[in-house]
Amino acid sequence: MKAQEELEVVVPTRLESWRSPQRPARDHCMAPGRNIDAPLSGHRYTRMFPDLPHLSIGPEVLHALGRAGGACDTRYSTRAESETVAAGWPVFGQFIAHDITADRSPVTHHDDEAFLRNARSARLDLECVYGDGPVGNPFLFSRKDPAKMLLGMNDRGDGEDLPRNQEGIALVGDPRQDVHLLISQMHVAMLKAHNRLVDRLREDGVSEADLVAEARRALTWHYQWVMLFDFLPATIGEERTRKLLKDGPRFFQPTGTIAIPFEFADAAYRFGHSQMRQAYRVQRGGDDLFPDLIGFRSVTSDRVIDWSLLFDVPGEPLAARSRPIDGCLAEPLLKLPVDITGELDDQDFQSLAVRDLQRGVATGLPSGEAVATLVGEEPLLRDEVGLGEFDWSGETPLWYYLLKEAEVREGGERLGPVGSLIVGEVLLAILDGDPESFRSVDRSWQPTLPSRIPDRFGLADLLVPSEPKTDG
């Protein structure tokens, strides 16, 4: 049974005992009814542009483009850093990806969507954090305080790591959450946010029986809010976000259970790979890390992330910047360690770029030029795609095309018009297609956790919490 169906039950009438005029629960969210007809498994993928032909390219060409030294090598970049995008945003983007997609088929799988399954539900419901809940995954919760998520202790005895078994394997709802330090530490931040919400709800009189469900719902809605009003504007631009919310999607208008389009999962939403930096500093005065960010091991105190170094926090110095979106990947991503890739017969697959390109062909994606023409955007010129050095004369793989579109049309600061259309419309559809999201249940809802800027709650407020100042 899915985690959401175990945790998000109809709120009984006993809630009236704590919902008093004197002290309402700050973080209580309207509890939606349980949808007993929701599918329990078998989530599928779909196509956003089903009538477009699949782009056919031989693997030798893809490998030439994606391997170290190829077109995706940073020696072809014109600059090393974005001007406006904080370094942590692609990490949050990956966190979202782990929450809504998990294609466990081989990288060279066939392009028939009827046989492919998404191991995640297409909901922004923090399934990767909560797993199957306290009944299905009790090891994710504290025995000392069953309403709280379990944290792992580091070498100083601080709860700053994922919980782990005696062999160091992370106890998480999705094993990908421990693939590298940045994503595992963001997961820890979400666990701590849940626990803060439990404390607040408990102070406000919520019954012990309802604490897990109420805290999960509150955290999920804050997370959804951040995606819609913080992450999405940073990804596609504020004006495009406003227009999307005002006019609605043009091309992706699913009914019923949402299926993730291949154009999103295997191309447009992989833009964050280009944004990953060559190296990261995770503590003030500490050393730069990468590729020493590998996960699958305990996090010592000198590797606990200070998120103010990766996200802009009001009152703090500007955070480090991401790489621009430009079709190039940092060297460590072109030479992934064997701990991540496993033993390979073809060493070209140590390159994440080769994997991204191969995935697009394997799932039968159309070319970037074909999609641009269909949605009414002027396709990039051959010189703008910039593959002349590689004897490229055909149409462009969608993933690479959208990265170059961002570089050419937006200076690498955000996605271009086609990439923005795909990412924006799919993320909004996921949110609006979820009967338990804040958009579906209560569009008047506002974040209840404190923010540094009044009426402007963002991801930094969730990751680097700050209680409001009081007089005296």
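Predicted model: local features only at pLDDT ≥ 70, side-chain atom pairs only at ≥ 80, totals over all residues.

User: Which helix gives the largest share of the lining of the largest cavity?

Analyst: Two helices, α13 (352-362) and α16 (398-410), each supply at least two residues of that lining. The largest share is 4 residues, and the helix that supplies them is α13.

User: How many residues of the lining of the largest cavity are nonpolar?

Analyst: By class, it has 2 charged residues and 1 polar one, and the nonpolar residues number 8.

User: What is the volume of the largest cavity?

Analyst: The structure holds 4 cavities of 30 Å³ or more. For the largest cavity, the volume is about 60 Å³.

User: Which residues are the closest to the centre of the second largest pocket?

Analyst: The second largest pocket has a volume of about 780 Å³. Its lining has 29 residues, and the closest to the centre are W89, F229, D230, E238 and R456.

User: How many residues in the lining of the second largest pocket are charged?

Analyst: D230, E238 and R456 are among the residues closest to the centre of this pocket. The lining divides into 15 nonpolar and 4 polar residues, and the charged ones number 10.

User: How are α6 and α7 oriented to each other?

Analyst: The axes of α6 (residues 181-203) and α7 come within 9 Å. They cross at roughly 125 degrees. Angles from 65 to 115 degrees count as roughly perpendicular and those over 145 as roughly antiparallel. The α6 and α7 pair is therefore oblique.

User: What are the classes of the residues in the contact of α6 with α7?

Analyst: On the α6 side, the contact includes M190, H194 and R202, which meet α7 residues including L211, E214, R216 and Y223. By class, the contact has 11 nonpolar, 1 polar and 3 charged residues.

User: Is the crossing of α8 and α17 left-handed or right-handed?

Analyst: α8 and α17 (residues 417-432) pack with their axes 11 Å apart, at an angle of about 45 degrees. That angle makes α8 oblique to α17. The crossing of the two helices is right-handed.

User: Which residues of α17 make the contact with α8?

Analyst: By class, the contact of α8 with α17 has 4 nonpolar, 2 polar and 2 charged residues. On the α8 side are R240, L244 and L245, and on the α17 side P417, S420, G424, E425 and L428.

Technical notes. Residues numbered from 1 in each chain as written. Heavy atoms only, no water. 1 Å grid on protein atoms, 1.4 Å probe; cavity = no way out; pocket = protein on both sides within 12 Å on 5 of 7 lines; lining within 4 Å. Points joined across faces, edges and corners; volume = space filled by probe spheres on them. Nonpolar A, V, L, I, M, F, W, Y, C, P; charged D, E, K, R; others polar. Axes fitted to C-alpha atoms, helices over the stretch in contact; angles between N-to-C directions. Parallel < 35°, antiparallel > 145°, perpendicular 65-115°, else oblique. Contact = heavy atoms within 4.5 Å. Left-handed = near helix turned anticlockwise from the far one by under 90°.
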